[in-house]
Structure formats: C-alpha cells, structure tokens
Amino acid sequence: GGPLTPEAPEDAAAAAAWLQAVRRPDALRHGGRREVVFHRFWTLLVKAGMDKKNALIQQYMDECKDEPALLEAYASKIQFHDHLMTILTYEKFSAAKQALGAALDRMEGRLQGAAFLGGPRCSIADAAWTTVLFRAEEVGLGQFIAERPTVARYWEGIKARPSFKT
C-alpha cells in the first residue's frame with residue numbers, strides 16, 4: 001500500500017534516478033562519463049534468454065520429428081533468433097555484463113543506506129528494477145545478484161512481498 005513516489009524530496013530524487021536508469025539508455029553516470037546502461041544490460045538479458053529458448057526449441061524439434069509443419073515452424077523460430085543474435089557481438093555481450101555489474105554495484109552501495117532504492121518505502125523505482133532482477137535470475141544470471149549481499153537481501157525481500165507474484 002501507499003504511494004509509489006517517495007514523499008521526502010531526497011528519496012523522490014533517488015527513486016527518479018533509479019527509474020531513469022531503467023528507462024533511458026544514458027541515465028546513469030559512472031566515473032564522470034555517461035554509460036549506456038539500459039541497452040547494454042537488456043541486451044545481455046535478451047541474449048541469455050534467447051540461448052535458453054533455442055535449447056528448449058531444439059528439444060521440441062527432437063520430440064516432433066514426425067510432424068513436418070511443426071519442425072518447419074520451430075526451425076523458422078531458431079533462424080529468427082539466430083538473426084537477432086547476429087547483432088550481439090562478444091564485445092557487446094561483455095559490455096552488457098559489465099554494465100549490469102556496474103549498475104548492481106551502485107545498487108549495492110545505495111541499499112546499504114536505504115531499505116529501498118527510493119528510501120524507506122518501496123517505490124516505482126523498485127518496481128521497475130524488479131523486472132530487471134527477475135529477468136536476470138530467470139535467464140541464469142542470478143550470480144550477478146548473489147555476488148552482492150545487500151542486493152541479494154533486497155531481492156529476497158522484494159520477492160517475499162505480497163505484491164510479488166510470478
């Protein structure tokens with residue numbers, strides 16, 4: 001319950017900054033330079049998810065060898081995924097990992113002094129980052145969260161909230 005925008009001006013500003021980090025590619029600064037955080041770590045999450053999907057599709061293809069229409073549809077899906085992945089070079093993937101790690105490092109620091117990203121209460125910024133953390137965990141990148149004890153505790157607390165349902 002309660003409003004999703006923090007009442008205290010400094011908490012509202014913090015929540016707005018974290019929300020922008022998810023929404024805008026140039027929102028977070030690190031070391032005096034702008035980082036393209038959104039595109040980089042969402043690229044990472046998409047790539048990891050795509051690998052998982054392709055493995056599942058291959059399993060389905062193995063199970064339906066006697067159904068040419070299904071095989072063709074699955075093969076088309078893998079071909080589409082492969083096409084999408086051509087834009088994800090190793091360098092981009094590595095940059096995405098670094099950007100996600102940097103964002104979570106900043107989150108680790110922020111959460112050492114506050115229960116939530118926007119202060120003492122859950123805010124819209126926490127709701128937005130829930131999506132990122134959930135997706136990271138779903139595609140096998142949970143180690144990025146686990147490596148940061150404060151973020152890991154925060155994430156467990158978010159998942160324990162009645163409003164969190166999968």
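There are five aromatic pairs in this structure, where rings of Phe, Tyr and Trp (its six-membered ring) pair if their centres lie within 6.5 Å, with planes under 30 degrees apart called stacked, over 60 edge-to-face and the rest tilted. Keep in mind that this is a predicted model: local features need pLDDT of at least 70, side-chain atom pairs count only at pLDDT 80 or more, and totals for chains, interfaces and linings use all residues. Residues are numbered from 1 along each chain as its sequence is written, and side-chain values use heavy atoms, leaving out hydrogens and water.

**The ring cluster**

- Phe134 and Phe164 pair edge-to-face, at 6.2 Å centre to centre and 65° between the planes.
- Phe134 sits in helix H5 (residues 124-138) and Phe164 in the segment after helix H7 (149-160), so their pair ties together parts 30 residues apart in sequence (helices are DSSP runs of H or I, at least four residues, numbered from the N terminus).
- Trp155 and Phe164 are edge-to-face too, with centres 5.6 Å apart and planes at 90°.
- Put together, ring pairs link Phe134, Trp155 and Phe164 into a cluster.

- Trp155 is buried at 1% relative accessibility (buried means under 20% relative accessible area, exposed over 50%, partly exposed in between, with a 1.4 Å probe and protein chains only).
- Phe164 is buried as well, at 18%, while Phe134 is partly exposed at 28%.

**Around Tyr154**

- Leaving aside neighbours within four places in sequence, Tyr154 is in contact (heavy atoms within 4.5 Å) with residues including Met107, Leu117, Asp126 and Leu133.

Conventions:
Helix = DSSP H or I, 4+ residues; strand = E, 2+ residues; numbered from the N terminus.
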